[in-house]
Amino acid sequence: MFKQHWYLIAATFSGIFFGIMAGVFLILFHDLPQINSLKQFKPSSSTTVFSSDNKIITKFYIEKRFPVSIETIPQNLISALITIEDKNFYIHSGINLKAIFRAILYDIKAGEYKQGASTLTQQLAKTLFLSSEKSITRKIKEAFLALQIERRYTKNEILELYLNLIYLGSGAYGVEAASQTYFGKSVGDLTLAESALVAGLPKAPSIYSPIKNPDLAKKRRDIVLRQMLNAKVITVMEYNLAKSVKISLYPQKPEPKKAGYFIEYIKSRLKIQFDLQNIFSKGLNIYTTLDLNLQQVAENSIAKRMSQLELRMIKQGIDVSKAQCALIAIDVKTGGVLSMVGGKNFHKSSFNRAVLAKRQPGSAFKPFVYATAIIQEFSQYDKLMDAPLSYILDNNKTWQVNNFSKTFLGEITFRKALALSKNTPVVRLIKIIGPARVIEFAEKAGISSKLQPNLSLALGTSEVSLIELTASYIPFANMGIKTVPFSIIKITDSDSRIMYQNTIRKQSIMSRQNAAIITDMLKAVVLEGTGKNALVIQKDIAGKTGTTDNSKDALFIGFSPDIAVGVWVGNDDSTSLGKYETGAKAALPIWIDYMEHFLSIKPYQYFDIPDGTKMVYMNPDTGEITKEKTSRTVKTLIKIKGLK
């Protein structure tokens, strides 16, 4: 009876003990992650941005990491890492009990948590699934996970994950990023000395970084080499040779940012459409519309021409610190942004004036007034009066409409009025057709900024961005079809599966005939008017100068059958660029440089002459049509009577 009583007591206490142990086990391990899908795990990696011809522009990343396969990693690096971090890696089952007991005794003696005794597998488990908290609970969880990882995955699979995940200082995650950061080469090209240096970093990456502490990095490297020698992984000769090598780091100068304004524009587009956390960390490929060669042409021209402008400004005693420039180039057929420059120097000012700045377009807005009139069955041989003009405003003040030239030509054709950028005729025209209709057409063409429905709208007094203004010229070049600008062609994942594909957006906003006539009128700007300097190109081109009051803004917006390019020059504080700094003088030279290069690598193309139109000879002063060419006539496109 007594015996049975003790059996009962023992059973009760055993049940309580195992219950407590089960509870502890449940508390410790109930929230541990599943590791069954570790093979499918992909570490955070950089996303690569490509130009239109598949050249790398830049890389986006949250952690600078470039995953590589275990086959790519040199054996010297693997041997060095195992020797210094976990010499029993290939024989243990995830944990090293001897090392753990030794560490516990050391910690008890020291009276604090000092030694970790973690194997590579435990370090991997901590990096993947746990925090860096120093506690017995975390160490138990870490050991349990390490055992599970070792049961399911090969040593090489564990090594590959570890070598791609581990932080190695100076912002580099994984051995490939470390190799590129410190030595400017791929991990597969590392020497023994370089491999030993990288292998010594996991213990304290910030302390042993050769960039921050080259002397400590060398001492740590030499310790790794000595351990490799002791483990007979390398020979005495290899040891002595590697130890004698001086640490030679890749120059740590920040690389000039390619197409900085375009890249920031891409980021803003991605932010609107996607989760940036996923975009920047999933190793995606972003294919863009940017042409790197054309981008370089644009940047070079801006550097050259802005220097020339600044010299002219200095001669007039004008401060040049606020002088800026912007350029946008768009593929007429697709809407793809080929080039984008938002300022003189991205590193000094990242504000993108091609996209974000709103400035008055001046006379560069006039084509929308004339286009609205042409749609309403006016013709470019119709006449307008170029004579003094004034209006009494609502506040009883008088608005005097002046020409830039301060002269008046009397009655002239639409064609000549636009070519010479006369102000009084176009104000008279908007008075006839109405600002509301002009605004309606401009918005259809692509102007999204708020336009004020007043007569001064004809002179470009409502502020717009350069990108929307340039895109709004596309229907003239593209047979009446508007194309919406875009910058990202597609995004693919690391397995080349398409995650996003751009759809080209087109819309017909005017007839092919009307578009051709406006284009012909804008050709007159180059052939006979304010854009004559562009005649050096000797190709079929068209465009319009723009200059605002007191030369605060200078623009040229123009196109060929393939491309529309807009250039703006001005001071950020909207002060004057200087006397006579017009669109033709300050902006057009940049446009010419860019277009000259673009058209030199393209076959010759002519603007559209559609059915229902014909070329005639016209006197631009009187509008008289003649059959023969004379010294007073110009070739002009008109509609055939009876056709709309």
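Predicted model: local features only at pLDDT ≥ 70, side-chain atom pairs only at ≥ 80, totals over all residues.
A residue is called buried under 20% relative accessible area, exposed over 50% and partly exposed in between, using a 1.4 Å probe and protein chains only. Residues are numbered from 1 along each chain as its sequence is written, and side-chain values use heavy atoms, leaving out hydrogens and water.

**Overall make-up**

- The protein has 22 helices and 21 strands; these are DSSP runs numbered from the N terminus, with helices (H or I) of at least four residues and strands (E) of at least two.
- Of its 644 residues, 52% count as buried.
- Taking contacts (heavy atoms within 4.5 Å) between residues at least 6 apart in sequence, 70% join residues at least 24 apart.

**Nonpolar cores**

- A nonpolar core here is a set of buried Ala, Val, Leu, Ile, Met, Phe, Trp, Tyr and Cys residues joined through side-chain atoms within 4.5 Å.
- The largest one has 84 residues, and Tyr370 and Phe476 have the most contacts inside it.
- Helix H21 (residues 512–528) gives this core its largest share, seven residues.
- Beyond its neighbours within four places in sequence, Phe476 touches residues including Pro367, Phe441, Met510, Leu522 and Phe559.
- A second, separate core of 50 residues includes Ile158, Phe183, Leu190 and Val198.

**Helix H2 against helix H8**

- The axes of H2 (residues 75–85) and H8 (residues 192–199) come within 8 Å and cross at roughly 40°.
- The two helices are therefore oblique to each other, a label for angles that are not under 35 degrees (roughly parallel), over 145 (roughly antiparallel) or 65 to 115 (roughly perpendicular).
- H2 supplies Asn76, Leu77, Ala80, Leu81 and Ile84 to the contact, and H8 supplies Leu192, Ser195, Ala196, Val198 and Ala199.
- These contact residues divide into eight nonpolar, two polar and no charged; Ala, Val, Leu, Ile, Met, Phe, Trp, Tyr, Cys and Pro count as nonpolar, Asp, Glu, Lys and Arg as charged, and the others, Gly among them, as polar.

- Most residues other than glycine have a negative phi.
- Met479 is not a glycine, yet has a positive phi of about 60°.
- Met479 sits in the loop between helix H20 (474–477) and strand E12 (481–483), and counts as partly exposed because its relative accessibility is 31%.
- Tyr580, also not a glycine, has a positive phi of about 65°.
- Tyr580 is in the loop between strand E18 (563–571) and helix H22 (583–600).

Key. Axes fitted to C-alpha atoms, helices over the stretch in contact; angles between N-to-C directions.
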